[in-house]
Amino acid sequence: MQLLLLLVGCGLAFGQDVAPLPLNPDPLAEDVATCSPFMDDDFAEEVGVVEPEQNTNSRMLVSRDQTRVAILGYHNFSKTAPVSDMLMRTSDFRKQMEYIRDAGLTVISMPEFLEWRFGTRELPARCVLITLDDGWKSVYTEAYPILHEFGYPFHLFLYTQFLSGRGDSMSPEMIREMQQNGATVGSHSTSHAYPSAWKAAAAKGPEAEADMIEREIGATFPRLSGLFGSIETYCYPGGYHTPAMEERLPGYGCKAAFTVIPGKVTVSENPLQIRRYMVFGNNHSIFRRAMDFRIAQLGTVAAPGAAPGTLPSSTPPPPFPVHPGVNETVPCEFGPISIDMSRMAGVDFSTVHVAVSGFGRVPARVDRNTRSVQWTPPVRIYMPNISVHVTWKSTDGTAHKAEWSFCIDPYAAVQQ
Ligand SMILES: [Zn+2]
């Protein structure tokens, strides 16, 4: 019974995020162990039970437009150092890799991803692409042994000033060794310049910006391909990108450029603004969202009877106006999360409950005059993908629920 409760807790914790758990009783204990570190009880309580589904045929190839890829972005790892958004406990990384395996997801390589996006390669419906940014030595010492053990391919985004093997950086020899065992390499700039430096260059005029693009992006393609072979990908440091960068990238031989905006990638993804889930070491909600293949597109809830390859959600989208809107990308300062129920007849406002991912059930304020419900986050939210779950009852006692997601773009304000 306790085991069952734990399993239910696990499903609850993942809520709409849960990828199907195997039904075979033997791996059950493992699944519980795998899921428990990622539990988020309050949110779980609101989200409701998700029926586990069979994983049969999960590796069957589907037509290209039915595949969705969750691209994961990692940074630094340690067995002992305090975790942060950039630094993940090695044991948590292992648990995430176990989760991917147990959920029946297919880990693809970057070449396979590019052949799917630009060629004719077909993939299973639910794929994961693992990327690791910057070139931290811990990728070699901590993550690589686990990736190798699981047989997962992975893609390294390297910046050329962090490649000496001294201090916390990996050496070209370490990287070449990993290339023998599943690693591929892309560019992550020369110096990892942040938005302030890019904006300072752009303020000096288009020539200064073009010079910086040449120095920071263009120069890395021949440099890295000299060390590691052909380079076809670029990853914007901090996710910061401009139209001028996008214009010049293809000329350097770049086929695909990657951001930090979360969402499932489809075959029609803009190749120079490819979404990725940046997986934090101190907050597992992003990993959970990445594993959520019930959501067809960046928070859009799949409609009942959706096309094969999309998994229907058990929770419908809201039947009333909400802010931020369904699927909307907003800056960090998006104001209160609000729900306008003014056009809904017969709502028992004493039964309205709101849960927000990362916060659990929140003390949302009901304004009975305007028939609206509001909650203002007490802290600035940096999680890139937020989901909101609402439950309420009609005055006749009928229970209802709705869920939607929105995204936070930390650069939305500065890019305008
Ligand atoms: Zn980086």
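Modeller: Let's start with what counts as a pair: two strands pair if DSSP finds at least two bridges between them. The strands themselves are DSSP runs of E with at least two residues, numbered from the N terminus (helices, H or I, need at least four). Bear in mind that this is a predicted model, so local features need pLDDT of at least 70 and side-chain atom pairs count only at 80 or more, while totals for chains, interfaces and linings use all residues. Residues are numbered from 1 along each chain as its sequence is written.

Now to β19, which covers residues 372-375. On one side of the story, β15 (residues 337-340) pairs with β19 in the antiparallel sense, over four bridges. In that pairing D340 stands opposite S372. β19 also pairs with β18 (residues 365-367), again antiparallel, this time over three bridges, and there V366 faces V373. β18 and β19 make a hairpin with four residues between them. R371 sits in that turn, with a positive phi of about 55°.

V388 belongs to strand β20, residues 385-394. Contact here means C-beta atoms, placed from the backbone, within 7 Å of each other. The C-alpha atoms of V388 and A402 are 8.3 Å apart, although 14 residues separate the two along the chain. V388 is buried, because 24 other C-beta atoms lie within 10 Å; the cut-off for buried is 20 or more, with 12 or fewer called exposed and anything in between partly exposed.

The core has 91 residues, and L72, V128, L129, L156 and A257 touch the most other members. Both domain 1 (57-283) and domain 2 (322-415) contribute residues, so the core lies between them; those bounds come from an automatic or database domain assignment. Take L72: leaving out neighbours within four places in sequence, its contacts are V128, I130, T131, Y277, V279 and A290.

Terms used. A nonpolar core is a set of buried Ala, Val, Leu, Ile, Met, Phe, Trp, Tyr and Cys residues joined through C-beta atoms within 7 Å. Two residues are in contact if their C-beta atoms, placed from the backbone, lie within 7 Å.
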